[in-house]
Amino acid sequence: MEEIKNKTQDAPYERALLAGADTGTDEEEFVRSMEELKSLAKACEMEPVGVVTQKLDSINKALYLGTGKVQELKEAAGFLEADVVVFDDTLTPSQLSNLQRELDKPVLDRTTLILDIFALRARTREAKLQVETARLKYLLPRLVGLHQALTRQGGTSGSMSSRGAGEKKLELDRRRIEKRITELNRELKEVSREREVQRKKRQASRLPFVALVGYTNAGKSTILNAMLERYAKDEGKKVLEKDMLFATLDTAVRRICTGNNQDFLLSDTVGFIHKLPHGLVKAFHATLEEVAHADLLLQIVDASDPHHKEQMQTTQEILTELHASDIPMLTVFNQADRCAQPLEYPKRAGENKVIMSAKDERSLDLLTAMILERVYGAYTLAEFLIPYANGDITSYFMEQSQVLESAFEENGTRIKVRCHRADKNKYNQYLI
């Protein structure tokens, strides 16, 4: 399927002209969206060379922009020597086909750009399968535009033998894509089963599961790495950390050892973004559903970003789509040290909010304390006298609870612990 490979993967475009339509609903949001499109282009290793926008009452169903503006866009692309024109919305198959014909240039939309970035960043087998699935499903209805250069010849019977070159190629590619999507879905089901096994093992260990969520480039990976540096001292466990949209895609789960048997699992997840393609949310559902199984969500917010409130709203909308909006959440206003108007940190800002900087150890200590308060809320004080013959139970409490006191007595081991209520009830015959 060489002809339908993603163009930006095989021969990266260098110079991109950006285009968008302002339908007047929210001018500030439109400006932010265009700035974000510029960042997406850079993350896809392109150089934005210009921006063309138009105010419209509604999107042109045929060309996205008005006819005159499309002509202006064509002239600008030629003058600026742009290799590609990138639009800030998802284009319909007909819009894509019409624009490529009118502009005589390759055309990408926001969804394609995000898919390309995901394809560039995917490292694990699961992430690669998910990205390929999303890309092929998005590509399938847009094959006509990709094959418009092929000639169409003779025949009206509808049989393959009587179709033109373009129709033959289109039909063959459609069948190949549908077959590949079926194969990918089968592989993803296998990976999902493996993930379910891992999840059950985590649940059996009783270790609290905390998931980092939030807008892309808000600092999730930075916080994960800072926590590892603070509590694990293991450079090999760190994840990629870069000031770039979607720097990391693959979900990483790390054990944070705070001492006193109050450990927890911390998971980094793919970042969210305004206009995140629905197909990507569906393709990454197996990964993102990890969020729905968390005991606590840490919504990481870049406090220095002037649009952080809008980003928080986007995060909330996607969490609702993932059926994770009811999970307890701690909102972490990170990068307080970079705010234009300095914020006091580290600081509790209400019951479920904290202002901090991942570069500050005091901030990490406060964040950790607030996490432990929440994930170990189901833990309670208990004192047991366990017979020596049941040493396995004593070992279990030593490993799975916070041991406050222990002593060897005539009838067994006396231990005072902070343990899970379920364990206290399970071994209540040994309670003192």
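Predicted model: local features only at pLDDT ≥ 70, side-chain atom pairs only at ≥ 80, totals over all residues.
Figure 1. Of its 432 residues, 48% are buried. Among contacts with a separation of 6 or more, 68% join residues 24 or more positions apart. The accessible surface is about 21,300 Å², and carbon and sulfur atoms contribute 47% of that surface.

**Figure 2. Helix H2 packed with helix H5.** Here we look at H2 (residues 27-43) and H5 (residues 110-121), whose axes are 9 Å apart at an angle of about 35°. Their crossing is left-handed. From H2 come Ser33, Glu36, Leu37, Leu40, Ala41 and Ala43, and they meet Arg110, Leu113, Ile114, Ile117, Leu120 and Arg121 of H5. By type, these contact residues are eight nonpolar, three charged and one polar.

**Figure 3. The edge-to-face pair of Tyr396 and Phe397.** The whole structure has six aromatic pairs. In one of them, Tyr396 and Phe397 lie 5.9 Å centre to centre, with 75° between the planes, an edge-to-face arrangement. Phe397 is buried, at 1% relative accessible area, while Tyr396 is partly exposed, at 24%.

**Figure 4. Tyr396 also pairs with Tyr427.** The ring centres of Tyr396 and Tyr427 are 6.2 Å apart and the planes meet at 50°, so this pair counts as tilted. It links distant parts of the chain: Tyr396 belongs to helix H14 (residues 391-400), and Tyr427, 31 residues away, sits in the segment after helix H15 (421-426). Tyr427 has a relative accessible area of 12% and is therefore buried, the cut-off being under 20%.

**Figure 5. A cluster of aromatic rings.** Stepping back, ring pairs join Tyr396, Phe397 and Tyr427 with Phe384 in a cluster.

Conventions
Residues numbered from 1 in each chain as written. Heavy atoms only, no water. Buried < 20%, exposed > 50% of the residue type's maximum accessible area, 1.4 Å probe, protein only. Contact = heavy atoms within 4.5 Å. Areas by Shrake-Rupley, 256 points an atom, 1.4 Å probe, with all protein chains shown as cover. Axes fitted to C-alpha atoms, helices over the stretch in contact; angles between N-to-C directions. Helix = DSSP H or I, 4+ residues; strand = E, 2+ residues; numbered from the N terminus. Left-handed = near helix turned anticlockwise from the far one by under 90°. Nonpolar A, V, L, I, M, F, W, Y, C, P; charged D, E, K, R; others polar. Phe/Tyr/Trp six-rings, centres within 6.5 Å; stacked < 30°, edge-to-face > 60°.
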